[in-house]
Each structure stands twice: as C-alpha cells, then as structure tokens.
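Here are my notes on the structure.

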Amino acid sequence: MRQQTLTRAGLRYVAADDIGAALADSAGAVLGYVGFGNPDPDHQAGKVPFAWVDMPTVGVDRAFELWTSQAPVRTELPSRIRVARDDQVLFGCLQIDEGADADYDTLIYSNYCLIFEAFVAKGRLIKGNAPAASAVGKRPGNTVICFLAARRAGTPVENPRQVNPYSYPAQYGPRGPTFSRALFATWNGTSQLYVSGTASILGHLSQHAGDAHAQAGETIVNLRTVMAEAHKQGLVDATAATEMLFKVYLRRPELRPVVEAPLRKAFGPYASIVYLQADICRQELLLEVEVVCSMRQPD
C-alpha cells in the first residue's frame with residue numbers, strides 16, 4: 001500500500017505500521033477510523049470513534065481507513081453509536097455483537113432505524129435521494145456499520161447503464177436496496193464523489209457469471225460511467241488529477257491479480273487500493289468496488 005500524505009479533510013488509507021503516527025499527526029482532527037484484517041488485540045483506539053472489521057485483507061495483514069477534518073472535532077463516545085463531528089460533517093460507527101442478549105436481527109434493524117431517523121427527520125426522501133452505500137459479508141462475530149453524514153445534502157448520481165437500486169424488480173426481494181450509485185458532497189473545502197459498491201451488473205442483471213476478468217472489465221465500465229455522469233452534471237471531474245481511493249471486495253483472495261491489472265490500467269498507478277475478501281451480494285458476482293474521488297476546491 002502506498003503511504004499518502006493528506007493535508008485536506010477527507011479519507012486516506014494507512015498501513016498498519018503507520019496508523020499510530022497518523023493518529024498522532026492528526027490529533028484533534030480525527031473524525032474516526034476503521035481497521036480491516038486480523039484483529040490486533042494490542043491496538044488501542046483512544047478517544048476517537050473506531051471500528052474493527054474482521055474481514056481478511058489481501059496482500060497485507062491489516063489496513064486502516066482514516067477520516068480527518070480541517071476543523072475542530074468533538075467526540076461523543078458513550079452513546080450506542082460512537083460519533084465525532086465538526087461544524088459540517090459527522091462520522092459514526094457501531095459494532096453489534098452476535099452474542100448479544102437481544103435478537104441479533106432485531107438489534108441490526110433497530111440500529112439502522114436509529115441512524116436513518118435523523119435522515120428522514122431532515123426531510124430527506126429515500127427514493128431518488130438516497131445516500132451512497134456498500135454492504136458486504138464478513139467473518140462471523142459481529143456486524144459493523146460505519147457512516148458519514150453532513151448538514152448539507154449531497155447530490156445523488158445514478159448510472160444510466162443500470163436500473164436504480166430502489167427500483168429493482170421483485171426477484172431480488174420485497175424491497176429494492178436503498179442507495180444511490182454515487183453521491184457528490186463538499187465539506188471542509190474538498191469536493192468528494194462517493195461511488196457505492198459497484199459490480200458487473202447491466203440494467204439489473206449480473207453479467208459474466210464465473211469470469212472474474214470479464215466482471216472486472218464490466219465493473220470498470222460502470223465506475224467510469226458514474227464518474228462521467230458526475231462530470232456531465234458539473235459536479236466533479238474524476239481525472240488523473242483527482243485523488244482516488246478504491247476498496248475492492250473479492251470473493252476469493254487469488255482473484256486479486258486478475259482484478260488489479262485492469263484496474264491499474266484504467267485508473268493509473270497512483271490510485272490507492274485496499275483489497276478485502278468478502279461475500280458479495282449476489283452469489284454469481286466475484287468482486288465489488290467502491291471509490292472515493294477527492295478534489296480540493298480552489299481557494
């Protein structure tokens with residue numbers, strides 16, 4: 001993983017050996033961070049929101065994503081949802097243990113409702129105004145939910161090659177998943193395009209079942225289409241000058257080289273990429289990719 005120095009607000013990926021120094025350098029400006037890979041029993045989160053996702057990292061033992069602000073940050077840790085906020089944005093995370101006394105599914109449902117109560121209370125509509133999101137399977141033990149929220153509403157961006165998720169036909173369940181293909185937002189002077197988990201889907205149908213190379217190509221077309229749609233709307237130009245951070249979910253770790261080569265060819269050698277082994281939403285899909293495109297606004 002290539003170590004990056006981030007002088008603006010937003011996201012960066014940090015290697016396990018560097019997380020302590022990164023937290024110290026960003027003291028007072030950390031919104032929260034998330035660890036991936038084999039849990040480290042010696043890691044101390046301190047007084048900032050933190051969640052550990054017990055999901056195998058591919059190529060490294062552990063990796064971290066770190067969210068920082070340019071403004072003073074206030075933390076609220078004793079509540080069920082651990083949060084930190086500045087005057088524009090809030091980071092929250094929680095972990096729901098399978099061994100809890102209450103019914104596990106009920107706990108997950110109630111916590112999602114708790115998060116979305118604030119969303120609906122502000123007059124936001126789910127259909128046509130949903131956040132960017134990803135949901136994948138991890139190793140058993142707990143469920144981890146992390147989210148970013150802002151005072152100022154973002155702008156949803158859809159993919160003209162795909163059916164809107166909330167309009168999926170009934171074959172995928174009684175209700176379509178609630179997310180936009182991407183969301184554009186600006187906070188702390190940085191424009192960011194959050195691209196939801198994207199896979200080899202055309203319309204609403206999975207493509208290239210069992211063929212990881214072809215699925216990677218189809219996924220890249222979808223990522224580029226969403227980025228082009230954001231540019232078409234005058235939101236952000238996701239070019240080589242834009243910082244791009246990819247999170248790639250693989251059904252099997254040996255698929256990494258199959259996916260990495262076309263991804264690097266499409267988006268260049270300097271994109272930051274974390275590879276994780278996870279269960280994808282549909283059995284026939286072998287990979288899923290989410291991206292944060294970040295660009296500093298002119299002063």
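Predicted model: local features only at pLDDT ≥ 70, side-chain atom pairs only at ≥ 80, totals over all residues.

1. In which sense do β1 and β4 pair, and over how many bridges? The two strands pair in the antiparallel sense, over six bridges.

2. Strand β1 covers residues 10-15. This strand is mostly covered, with five of its six residues buried. When you look at β1, remember a general point about strands. In a regular strand, side chains alternate between the two faces of the sheet.

3. Next, the empty space inside. Rolling a probe the size of a water molecule over the atoms shows where such space is left. A search of the whole structure turns up one cavity of 30 Å³ or more. The volume of the largest cavity is about 30 Å³.

4. Which residues line the largest cavity? They are Tyr-13, Phe-36, Ala-63, Phe-64, Glu-65, Lys-247 and Val-274. Strand β4, residues 62-68, gives the largest share of this lining, with three residues. By type, the lining divides into five nonpolar residues, two charged and no polar.

5. Now the cysteines. How many disulfides does a search of the whole structure find? The count is zero. For Cys-146, the closest cysteine sulfur is that of Cys-93, at 5.1 Å from its own. Cys-281 is in no disulfide either; its nearest cysteine sulfur belongs to Cys-146 and is 19 Å away.

6. Are these cysteines buried or exposed? Cys-146 has a relative accessible area of 33%, so this residue is partly exposed. Cys-281 has 56%, so Cys-281 is exposed.

7. Val-83 sits in strand β6, residues 82-85. Why does Val-83 count as buried? Its relative accessibility is 7%, and the cut-off for buried is under 20%. Leaving out residues up to four places away in sequence, Val-83 touches Pro-49, Arg-74, Thr-75, Glu-76, Leu-90, Phe-91 and Gly-92. Phe-147 is 64 residues from Val-83 in sequence, yet the C-alpha to C-alpha distance is 9.5 Å.

8. Leu-77 belongs to the loop between β5 (74-76) and β6. Apart from neighbours within four places in sequence, Leu-77 is in contact with Gly-46, Lys-47, Val-48, Pro-49 and Arg-82. Pro-49 is also among the residues that Val-83 touches. From Leu-77 to Thr-178 the separation is 101 residues in sequence and 28 Å in space, C-alpha to C-alpha.

9. Two backbone angles deserve a look. Most residues other than glycine have a negative phi. Asn-188 has a positive phi, near 50°. Asn-188 lies in the loop that runs between β10 (182-187) and β11 (190-198). With 8% relative accessibility, Asn-188 counts as buried.

10. The other angle is at His-208. Phi of His-208 is positive, about 60°, although the residue is not a glycine. Where does His-208 lie? The place is the loop between β13 (205-206) and α3 (212-232). His-208 is partly exposed, with a relative accessible area of 34%.

Terms used
Residues numbered from 1 in each chain as written. Heavy atoms only, no water. Helix = DSSP H or I, 4+ residues; strand = E, 2+ residues; numbered from the N terminus. Buried < 20%, exposed > 50% of the residue type's maximum accessible area, 1.4 Å probe, protein only. Contact = heavy atoms within 4.5 Å. 1 Å grid on protein atoms, 1.4 Å probe; cavity = no way out; pocket = protein on both sides within 12 Å on 5 of 7 lines; lining within 4 Å. Points joined across faces, edges and corners; volume = space filled by probe spheres on them. Nonpolar A, V, L, I, M, F, W, Y, C, P; charged D, E, K, R; others polar. Pairing = 2+ DSSP bridges. Disulfide = S-S within 2.5 Å.
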